[in-house]
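Me: I would like to learn how to read salt bridges and sheet packing in a model of this kind. Could you take me through some cases, giving the general idea before each one?

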Amino acid sequence: MLKQQREAIERAKLNSTCNTIISTLFVVLVILLILFICDLSGLVQLDKPLQYVSAANAIKDSIPERNFISASQTGTLEPLQGQHIDKVKVIKPIIDHRQYRYLELENHLKVLLIHDPESEMASAAMDVKAGSWNEPDEYPGLAHFCEHMLFIGSQKYPQIDFFDDLMAKGGGSSNAYTEAQNTNYYFEITVNHLGKALDAFAHFFIDPLFNEDAVNKERNAVNSEYEMDVSSEDWKVVNLFALLADPKHPASRFSIGNNDVLAKEGVVEALKKFYQDNYSSNIMSLAVSSRLSLNQMEKLIKVFQKIENKNLIPLQFSGFPYQLGLFGKYKTEKKLILLNWQLSGREQYIHQKPLELIDYLLNNGNLKDYLKEKQLVIEFESSIFIEQNHFVNYIIELILSEQQLEDGKIALEITRVINNYIQQLEEWLKDDKYLEEIFKEQSQISKINFEYMEGSQDISDIAYNLNKYEPVEVLSSSFIMDILDKDIIYKYITELKKTDNLLILIGDDEYQFIDNTFKLNNNKEFLKDKNLDKRSEIYRLEYATQKMDKDSIKIITQKDSKLQKLFNKPQKNLFIPDDLKLVSLCESNKFKLPILINSDQLKPLDKDAKLNLLFNAGQDLQKYSKDQCKKQENIYQKNNYYPILLNKENNQWWKFSTLYKLPNVYGAIFISYTKPLTIRQFTSMRIFNFISEEEVNKQLRQQLTTGYSVELDMSKQIEIKVYGFSEKVRSFFKKICGCINPFKDKTNSFIQFEQTKQESIDFIRAKQSLITSIKDIFQMKLFEQSFQLYLPLILRKDYFNPEQVIQQIPNITEEQMILDIKEILQNSIQSSLLVGNLDQKKAQDLSSELKTCIQDQNTNIHISERLPISVLNLSGKNWIFAKFVESDKGNLNGVTLNYYQIGQRTLENYALMKILQPLLNSQAYNHLRTNLQLGYVVLMKFKQISCIDGALFLVQGNKEQPFKVNQLIEKFLLQFDKYLKKLKNKQFEHLRHSSIVELREKPQTLSEEADRLWGYISSGDYTFEERQVTIERMKLITKDQIVLFFQNIFIKNRSKISLQLYGEGMVSKTLGLKNNKEFDTYIKTNIPNDALLFTEKELTYYNCQNDVSSV
């Protein structure tokens, strides 16, 4: 739900300078530290996981009083001294063009204003130093509930959906999250609506209503959120930690809330009291960013002075919340081991970053390689899990193969190996020279990554940091690493060697709960036993724990000198850039520049003519004098939106860009196939993807910690994306290609065949990783499965069922995989793009090398058209696809996804969708979620499937059955039709203007610009001028055209499928059905008269030659 996932987890990442590829579970685990309430922007819900920070013990009638609080919450807090507007100079990257102004209002609210002249969008965030640990014991989840309620009406703006409607009118979105000790609210909107949005936002904190009717409705949304999250596989570890917390500590509290606790009498008064006792301007921080001047913004934020200053002091805690020194077991769907160390807090060490340094050393020696070569693990990832100022949890996740965990001994062996590596690490760091060199390297990398940080930090993170660090370091705190303190480093290593603060947690799908107590005498018996003796009803979690005994502690901690000699320490990093200068086209081209192309020239051209024009722009260079050239180069940079075609035959593209002052290059390769894949070939390609990623991560470990990144996607096509410093990007690309090219001589290849039938360890591990990743798909939340799995499975003819792919895996040999990959690549078409700090000559040279990156240089590939993509034609259909999701045990939720097909993309339809979407999404959200309370996840979105446009409405909840939700969506569409007809012209003009402003927004980063261009190139569409042309078309669209478009799609000529998923708990508990046969009968009984069950007979398809851009 944040703009970029990288920014969303910025403060939770161990090393912000490292671009470590994090496994899916660990991304989720880090994100789950924060409860992101995705109820205010349905559009965001589709694209981002829901997030949450703390979980807790089962609700009890009486929870012991908290004895960890060392300061009362009322008292006098001295104002910050000497922090006036002209005296606080915020440290910012050297390439940052924004202006910053820090000020403190009369009520001691801390404010950071950011003038961003290049952005059409404005944003703001408020951080409050109060969260779930502040709430009263009798109302667990109250802080989270309060966060919901602040969006729903104030005395000045009492209308429940006022803020949502304002976001829709202004092409914006809003969101919030609740942590243990912080709550954060934020929004984004077009700049012309900023003044009204800030005023309404301020009244969240000035005069919230807590209307009783709204409270009773919104409680259902919180409960729906609880039902969704408690059924999620991703939440089990978070919830388990709450169960392991000291019951006297608020970390043990159930802090999400549900109907059982929030329906108690007096909750309205409790909300008001919680707000009154915990929200105060002196513990709040506001960040605002827009293209308005600093003075203009300062006038707009004066309303925030009305927030009451109660001189509160944030709660202070001491001691560790979790009771560790344990082995733990829990039932999960894949085999894994989590090692979690509870360590001293690191907040005071922002300049030293000791844990970041240790994490670098753990990940960049050969520890991972050793564990994988010994077939102990198939994946190894580390991260921060749960953190507050006085403690931090450092966690290592280890994914195991399906065959492991027979007797549980592997958990001891893995922990023993890691503990010995930590012991050896301590020895390495006793060498002062080595420690100083490593720290200097990391400090240098950290500084470079800050100085050349791409784009701005997320506004919610800025507000959070402003409430945590000194204003001068609000931007740099996550990066700065300039003080070497050896004692602190040794302190953390000592803590990592201990076992009394260690949890060894084992997940397995074979564990079973037994409803009686049993005693296991030692850890050996405990690890071997497959039974679990504890169950949490509120978390629907089965688990078992046992204290570590002396024998286990001895095994883990005993020094193994022979083993330690096998470990290698990280070596000197050779990829730290030295040359960070920006290229000048004038200097490299002898004062010649490419021809500037505009949208008017591209608009009337067909594809071939367009390609010729963009090719000739790089051939017919214009000559200038030395003085003229520099001026013309600046004009060219600011007004050039399109890439140059370097080579027609090989479809190689380049765009020079130093507009963002970044000495970086973005590179991409796309390979499409000219023959359809068999399911075996597709499976081979997926296995090869895992092997390639593993080799890239192993061979390019240094580069990936220095600011370079690589993404590999090998499936129905091959896509390789690379980003890094221009100085060494060519050698980086060369190393990547060396890792993944299957045509290399086998003596130089990482895939080496021997004259035996035995498969290599890499191949075995890749097959196991593919199995694990497919199983993860079926453990996603139901609403995620609906649009990521079932919708494409129905609509796309080339989509392979993951269950069928799993069946293929055991039958594929290593040799067969390579033969499949080579055959695929010999029938393929390649495109490439380079954008950034490199001139035309270097771009041509690198593009020539990329031609054979993953293909055979001795093979002349036949040039032909790419395969068309077949998309199901729903014309005139009204289908129901209902499925009983049996694997989702206990889930009381259902999902309804109504997809309305529009047809093949036209410029007219694209413009109409851009205008209609914000209003339709907002009204759907307000009616289906806020008014009817159908579920926590509610959204509407126009969505393209290849070249076919469509609209989807998505609802997940447990209040109504999916078949009923389908009917309620239909009723809403009829109501919206009437609403749309009555829409005033002025309202329509505001809506249209906001959509135009949003579309006019220029890319804010090099990656964003390159991704936008790459979408047109990789799809084969080449409509680079689409945005400019669409804006011209949008200016002419009338309200009547919008009404007619809506009626044709949703009322008169519907082409629809309603995808309905029923969770296992909804079927077995809510409906009382026993099996699939009874479920099928139930569905047939409840089909609407004008609908039919989906059938695969006599289907027709659209054929798409290329994809189109998203709406």
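This is a predicted model: local features need pLDDT of at least 70, side-chain atom pairs count only at pLDDT 80 or more; totals for chains, interfaces and linings use all residues.

Me: What do Arg1012 and Glu1008 form with each other, and how far apart are the closest N and O atoms?

Reply: The general idea is that side chains of opposite charge can pair when their charged atoms come close. Here Arg1012 and Glu1008 form a salt bridge in which the closest N and O atoms are 3.8 Å apart, a separation to be read against a cut-off of 4 Å. Arg1012 is partly exposed, with a relative accessible area of 23%, and Glu1008 is likewise partly exposed, at 30%.

Me: How many salt bridges does the structure hold, and which parts does the pair Arg101 and Glu298 tie together?

Reply: The structure holds 52 salt bridges. In one of them the side chains of Arg101 and Glu298 meet at 2.8 Å, N to O. Arg101 lies in strand β2 (residues 99-104) and Glu298 in helix α11 (residues 294-300), so the pair ties together parts that are 197 residues apart in sequence. Arg101 is buried, its relative accessible area being 17%.

A second case is the salt bridge between the side chains of Arg540 and Glu227, at 2.9 Å from N to O. This pair links distant parts of the chain, 313 residues apart, with Arg540 in the loop between β15 (534-536) and β16 (541-547) and Glu227 in helix α7 (residues 212-230). Arg540 is partly exposed, with a relative accessible area of 32%, whereas Glu227 is buried, at 7%. Salt bridges can also join into a network, as they do for Lys335, Asp508, Asp509, Glu510 and Lys530.

Me: Turning to sheets, in what order do the six strands of the open sheet lie, and why is one side of β19 and of β22 left without a neighbour?

Reply: The six strands follow the order β19-β20-β24-β21-β23-β22, with mixed pairing. β19 (644-647) and β22 (709-714) stand at the edges with a single partner strand each, so one side of each has no neighbour in the sheet. Neighbouring strands are turned by 15 degrees against each other on average, direction ignored.

Me: How does β23 pair with β22 and with β21?

Reply: β22 and β23 (residues 718-725) run antiparallel and are joined by six bridges, forming a hairpin with three residues between them. Within this pairing Leu712 stands opposite Ile720, and Asp713 opposite Glu719. β21 and β23 also pair in the antiparallel sense, over eight bridges, and Val665 has Gly724 of β23 as its bridge partner. Eight of the eight residues of β23 are buried, so this strand is largely enclosed by the rest of the structure.

Me: Which helices pack at an angle of about 105 degrees, and how do the residues of their contact divide?

Reply: The angle between two axes tells us how to describe the packing, and 65 to 115 degrees counts as roughly perpendicular. α25 and helix α31 (residues 814-825) pack at about 105 degrees, with their axes 9 Å apart, and are therefore roughly perpendicular to each other. The contact includes Phe688 and Ile691 of α25 and Met817 and Ile821 of α31. Its residues divide into eight nonpolar, three polar and three charged.

How values were computed: Residues are numbered from 1 along each chain as its sequence is written. Side-chain values use heavy atoms; hydrogens and water are left out. Two strands pair if DSSP finds at least two bridges between them. Helices (H or I, at least four residues) and strands (E, at least two) are DSSP runs, numbered from the N terminus. Axes are lines fitted to C-alpha atoms, for helices over the stretch in contact, and angles run from 0 to 180 degrees between N-to-C directions. Buried means under 20% relative accessible area, exposed over 50%, partly exposed in between (1.4 Å probe, protein chains only). Angles under 35 degrees count as roughly parallel, over 145 as roughly antiparallel, 65 to 115 as roughly perpendicular and the rest as oblique. Contact means heavy atoms within 4.5 Å. Ala, Val, Leu, Ile, Met, Phe, Trp, Tyr, Cys and Pro count as nonpolar, Asp, Glu, Lys and Arg as charged, and the others, Gly among them, as polar.
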